[in-house]
Amino acid sequence: MLALPSAIQSLARFVDMLNRIARSACNRLLELIVAVTFMQVVLRYIFNSPTKWSEEAAMLCLVWYGMLATAICVRDHHHIAIVFFRDLLGKTGGYVLDVFAHLIILCFALVLLFSGSKLVDLAGVALLPASGIPKYLLYYSAFTGGALIVLNAITNIVTGSLRPDEFAEPETTS
Amino acid sequence: MTEQGVGIALLLGGFLGLMILRVPVAFALGMSSVVTAIYLDLPILMVGQRMVNGLFSFTFLAVPFFILVGNIMTEGGISDRLVKFAEVLVGRFRGGLAQGNVVASTFFGGISGSSVADVASIGSFLIPAMKKRGYSPEYSVAVTVTSSVQGVLIPPSQNMIYYALAAGGLPIGKLFLAGYVPGVLLSIALMILCWLAAVRQNHPTGDTYGLWNSLGIVGRASVGLFTIVIIIGGIVGGVFTATESAAVAVVYALLVTVFIYRTMDRQKMRRIMAGTLASLGMVVAIIMTSSAFGFLLSYLKVPTILSDYILSQSSNPATILLMINILLLVLGMLMDMGVLILVMTPILLPIAIKIGVDPIHFGIIMILNLGIGVCTPPVGTSLMVGCGIGDVKIERTLAALLPFYMAMVAVLVLVTFIPALSLGLANFFE
């Protein structure tokens, strides 16, 4: 394989760094979700003083987790797709479809990014009912996730990383 | 063509078209929704909003927890303990290892809700062990793959949560309970087949352990299996919600693997988090985009149109249920189970309700039916994983799988036409 131009290599390095940050943010969020939900059970049954905010806080973390994980899975090619027809098409045709799929991902991510930023504006100063957490934090996830998907889709296209590497070990950043 | 007709064509045609063109399912759902929303002059913001709200759900929180419990227990070595436990229970019978495979999968289903995880973990112990004892590789793979369907039927089951969400909120506890009898029935059917095969092909008995050894094995497995008591006992006893019980189970699974099994270390913990991210990222993406897609489906009144059409063809509930089952079997062979539950439930459930089928019962029919699809080519994920472990070609397993398919379809027919199999236990605890 030809060496990629250095500008593309730096882009890939930068984007992979963002993904590592997103990955460890996801892991922390998941730990937090477990901790908050478990704490709620303990507070309710042992101390008999349930909290109001914990459910909403956990759900907010989950939405962030979901948006970031969706983006990371684009870079890692973890999203399920039907590749049956692509594999019938041979090398060039298959390549065209791989690029096409990434362009669709890119378009959709732009919509997500755009609607995320609009929704942040629309949420204004509204608060989530039970916890009083600002509602725009919820929609920032769509904006952030959308932005990372855009970067990941572009990086996949320009670096030619368009399908899963069958021999790669899953990345295990803590 | 009316605006509604074009909208439906854009939504469904766009989804199928993009999917065939290799666009990942989540993005095919999302992009067809975006295009349809633009055509219908709906604000495009709606798509982002539906996506966020689709995931902003306390019920769905149980899914990451159940995936975590399954991953922690698997990395922590529950599988070989369950395999030995199953051998203690049924190893002395003819074809003991095959019987043990079914039993181990049934218990594993109580800890993990994924049939692929079942094949990957139980299978990596039992397929090589069965081959060593002289079972054919094809038969070993067939038993492992078909018994993994317990994973989706025996609670906890992520797929049941997807169904409950797609159905617009059903009681998870009731749905979980409804899975037990069909799951056990499937186990019994598979075990009868294993026994028949053992007699015909002269399969050996499995290992037997002495009394003290057996007690130790049972004890070690029971510590892990107590997870089931936490989850199901918690929900049925009204102590926890499904989500809370799942969070307690995560903490319990960690405690067991760190302090009792002493099998957990940092490296494994990292693998658990990475594995959870990969499977969860894929699932949440589909949950989010299918929420926008589902909104447009009902906005365009697709469920009503389809149910009017089907009911105009036949008003006999048995015929309609049969048609739905055949449709789902075909779709299940072609597509992923979770996607089908999320996309097809809003379409098919209204029909089922109109002909008097209980939504809980319908969920079990759907999950068992699509579970069969996980074991069939061309896109049966469990089958592919099983064939990978057993190192056999998918085509060569089909002859060995045929009797198992027939048994599964027979159980599906029973579950479809005897509602009490699903609802009996669920209503008993109401």
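# Salt bridges, surface and fold in a predicted complex

User: How many salt bridges over all chains does a search of the whole structure find?
Analyst: The search finds 12 salt bridges over all chains. Keep in mind that this is a predicted model.

User: What are the confidence numbers for the complex, ipTM and pTM?
Analyst: The predictor gives an ipTM of 0.92 and a pTM of 0.89.

User: Back to the salt bridges. Which residue does Arg75(A) pair with?
Analyst: Its partner is Asp16(A), with the closest N and O atoms 2.9 Å apart. This pair links distant parts of the chain: Arg75(A) belongs to helix H2 (residues 54-76) of chain A and Asp16(A) to helix H1 (residues 6-45) of chain A, 59 residues apart.

User: Arg75(A), buried or exposed?
Analyst: Buried, because its relative accessibility is 12% and the cut-off for buried is under 20%. Asp16(A) has 27% relative accessibility, so it counts as partly exposed.

User: And Arg163(A), which side chain does it meet in a salt bridge?
Analyst: That of Asp98(A), at 2.8 Å from N to O. Here too the pair links distant parts of the chain: Arg163(A) sits in the segment after helix H5 (136-159) of chain A, while Asp98(A) is in helix H4 (residues 90-123) of chain A, 65 residues apart.

User: What is the relative accessible area of Asp98(A)?
Analyst: It is 1%, so Asp98(A) is buried. Arg163(A), with a relative accessible area of 37%, is partly exposed.

User: Which residues are linked with Asp98(A) and Arg163(A) in a network of salt bridges?
Analyst: The network also holds Arg86(A), Asp87(A) and Arg22(B).

User: Now chain B. Which residue forms a salt bridge with Lys354(B)?
Analyst: Asp308(B) does, and the closest N and O atoms are 3.7 Å apart. The two come from distant parts of the chain, with Lys354(B) in helix H17 (residues 337-354) of chain B and Asp308(B) in helix H15 of chain B, 46 residues apart. Asp308(B) is partly exposed, with a relative accessible area of 43%.

User: Where is confidence lowest in chain B?
Analyst: In helix H15 (residues 302-313) of chain B, at a mean of 87, whereas H18(B) has the highest confidence in the chain, at 96. Over the chain, the mean pLDDT is 91, and 100% of the residues reach 70 or more.

User: How many helices and strands in chain B?
Analyst: Chain B has 21 helices and zero strands. Its radius of gyration is 22 Å, close to the 22 Å that the globule rule gives for 430 residues, so the chain is as compact as a globular protein of that length.

User: What does the C-alpha trace span along its principal axes?
Analyst: For chain B, about 75 × 45 × 45 Å.

User: What share of the residues in chain B is buried?
Analyst: Buried residues account for 60% of the 430. As for contacts in chain B with a separation of 6 or more, 80% come from residues 24 or more positions apart.

User: Where is Leu300(B) found?
Analyst: In the loop between helix H14 (266-299) and H15 of chain B. Leu300(B) counts as buried because its relative accessibility is 2%.

User: Leaving aside neighbours within four places in sequence, what is Leu300(B) in contact with?
Analyst: Its contacts are Gln4(B), Gly7(B), Ile8(B), Leu11(B), Thr36(B), Leu40(B) and Ile305(B).

User: Which residues of helix H21 of chain B are buried?
Analyst: In H21 (residues 419-428), they are Leu421(B), Ser422(B), Leu423(B) and Ala426(B). The buried residues of H21(B) pack against helix H11 (172-201), helix H18 (359-373) and H20 of chain B.

User: Which helix gives the most to the nonpolar patch?
Analyst: H16(B), with five residues. Helix H16 (317-334) and helix H20 (394-417) of chain B each supply at least two.

User: Where does Met333(B) sit?
Analyst: Met333(B) is in helix H16 of chain B, and its relative accessible area of 35% makes it partly exposed.

How values were computed:
Residues are numbered from 1 along each chain as its sequence is written. Chains are lettered from A and ligands numbered from 1 in the order in which they are written. Side-chain values use heavy atoms; hydrogens and water are left out. Helices (H or I, at least four residues) and strands (E, at least two) are DSSP runs, numbered from the N terminus. Buried means under 20% relative accessible area, exposed over 50%, partly exposed in between (1.4 Å probe, protein chains only). Contact means heavy atoms within 4.5 Å. The radius of gyration is taken over C-alpha atoms; the globule rule is 2.2 Å times the number of residues to the power 0.38. pLDDT is the predictor's confidence in each residue, from 0 to 100. A salt bridge is a side-chain nitrogen of Lys or Arg within 4 Å of a carboxyl oxygen of Asp or Glu.
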